[in-house]
Amino acid sequence: MSKLQLGLNPITIEDVALVARGNCCVTLAPEICAQIQASRAFVDQAVQTGEAIYGISTGFGALQSVSIAAKDLEQLQHNLLISHAVSTGENLPPEIVRSMLVLRAASLSHGRSGVRLELIERILKLIELDMLPEIPRLGSVGASGDLSPLSHMALPLIGEGIVLWRGKRWKSADALREAGLEPLRLKAKEGLALNNGTQFMSACASYLLYHAGLLTRAADIALAMCLEVFQGKSSPFEACVHEVRPHPGQALAAANLRRLIEGSTLVDAQDPDHRRVQDSYSIRCAPQVHGASRDTLAFVRSVCEREINSVTDNPLVYHEDGRVISAGNFHGEPIAQALDCAKIALSELASISERRTAKMLDPAQSYGLPPFLAAASGINSGLMIVQYTSAAIVSKNKTLAHPDSVDSISTSANQEDHVSMGANSALHALEILENLRTVLAIEILCARYARGFRNGTSGRGTGVVFDSLEDKLGRPSEVDHDFRVEYHEIREMLRDGSLLSTVEGVLGKLD
């Protein structure tokens, strides 16, 4: 099991992915504990003075002017979580829940939130036990952070809510008791520190970026397979072409193609009619499209990695000079706009993939391949309808890719009068990610069938893909059957990275 220590070095998307998959032990660096404790001591001192400080001795949101008596401060924090945990819809998958837990702990470990060390350690205990809060996905507007999802995340700390543990659902109080733990009684500021922040959006973004990294490389693999079955031209992928338009992602995509098709006798094969001068855009311009998506995702990654290393709750505690500053780091706009960009980038990878699928199935465009890749078309429809599935998905992506961050609905009696809607952007981005995985699986499925109608040698990279698919799925059938079984299998190979690993085991890591 890997180990991640919070507090000394910045965490990365890959760190979060390790935790998300349940393969990482998370601890606090001893060096940061003094900072956390000093911050907490300052909050305790402020409570003793009776000074009105937002979220510590006052109500929340539009109730900020209501002073809270010292005897009621613990109940205030308890009530905050209970009243704010009102999300609905399907529960988040375990990978994203684990990511939320580690990102919340990471943010609190900066020592600017005024919480006890014990609270952060309890969050890490949930990760260690894999005792995962049940968190419905709908309920955040991404403004005071992800108030409702984070409240659901925090409920088990106080013995409330539901957890998934040891393969079944438990009342949190029962699970804690079984694990030998007592529910925490929150102190002043701690409830607010738990549910103010962008960790739902950031967890979704981290998950998305890790898997998008797998799929951008898978898109290049699918393209290389298509280039072979079309017996296309290699010249658009030459390095000199991309040196004179030096977008980094474009150059990386072209370089991947050159490595994947190295040694292929199918690429640049003689056109029987001697009429094809150049390939269609979905082939010839693919490095430009794949590259643009890569560059956009690189920007999104830069935003996300800043965000997961930030303090995003409110107010912020600066015990060094005796100040508690009420500000707006919880606002999700940076991550919301970035996720909207990610939605476009992933949608475009799916869009161009579907065009290559359609081309393989159309005898007028496929350079001698049979209609719908059916050995005996007519009685067999072949892969005709899988393209319909791909087209339907790509069309839906156009709706999902609409920018959520341009929307805003005021909340909390107009106190929170501009919100980011970044949570909606995150959820839509995750849906597009899943859609892209399916569209690429369908393209790879069609290329697998098309390869059977071409004579010649595949490249070093493409060859191992065709071979691994045959090992996994058997030889392509010449008669109609349930094609879903095959593309679902391919989709899982894309999800777990096994198809990519097979290629990289031969070629080394693709860019």
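Is Glu14 buried, partly exposed or exposed? Glu14 counts as partly exposed, because its relative accessibility is 36% (buried is under 20% relative accessible area, exposed over 50%, partly exposed in between, with a 1.4 Å probe and protein chains only).

A quick word on the basis: this is a predicted model, where local features need pLDDT of at least 70, side-chain atom pairs count only at pLDDT 80 or more, and totals for chains, interfaces and linings use all residues. Residues are numbered from 1 along each chain as its sequence is written, and side-chain values use heavy atoms, with hydrogens and water left out.

1. Salt bridges come to 32 in this structure (a side-chain nitrogen of Lys or Arg within 4 Å of a carboxyl oxygen of Asp or Glu).

2. One of them joins Glu14 to Arg301, 2.9 Å from N to O. Glu14 sits in helix 1 (residues 13-20) and Arg301 in helix 13 (residues 286-307), 287 residues apart; helices here are DSSP runs of H or I, at least four residues, numbered from the N terminus. Arg301 is partly exposed, at 25% relative accessibility.

3. Next, look at Arg217 and Glu504, whose closest N and O atoms are 2.9 Å apart in a salt bridge. Because Arg217 lies in helix 9 (residues 199-229) and Glu504 in helix 19 (residues 498-507), the pair ties together parts 287 residues apart in sequence. Arg217 is buried at 10% relative accessibility, and Glu504 is buried at 18%.

4. Glu443 and Arg356 also form a salt bridge, at 2.6 Å between the closest N and O atoms.

5. Finally, a network of salt bridges links Glu434, Arg437, Glu492 and Arg495.

How values were computed
Helices (H or I, at least four residues) and strands (E, at least two) are DSSP runs, numbered from the N terminus.
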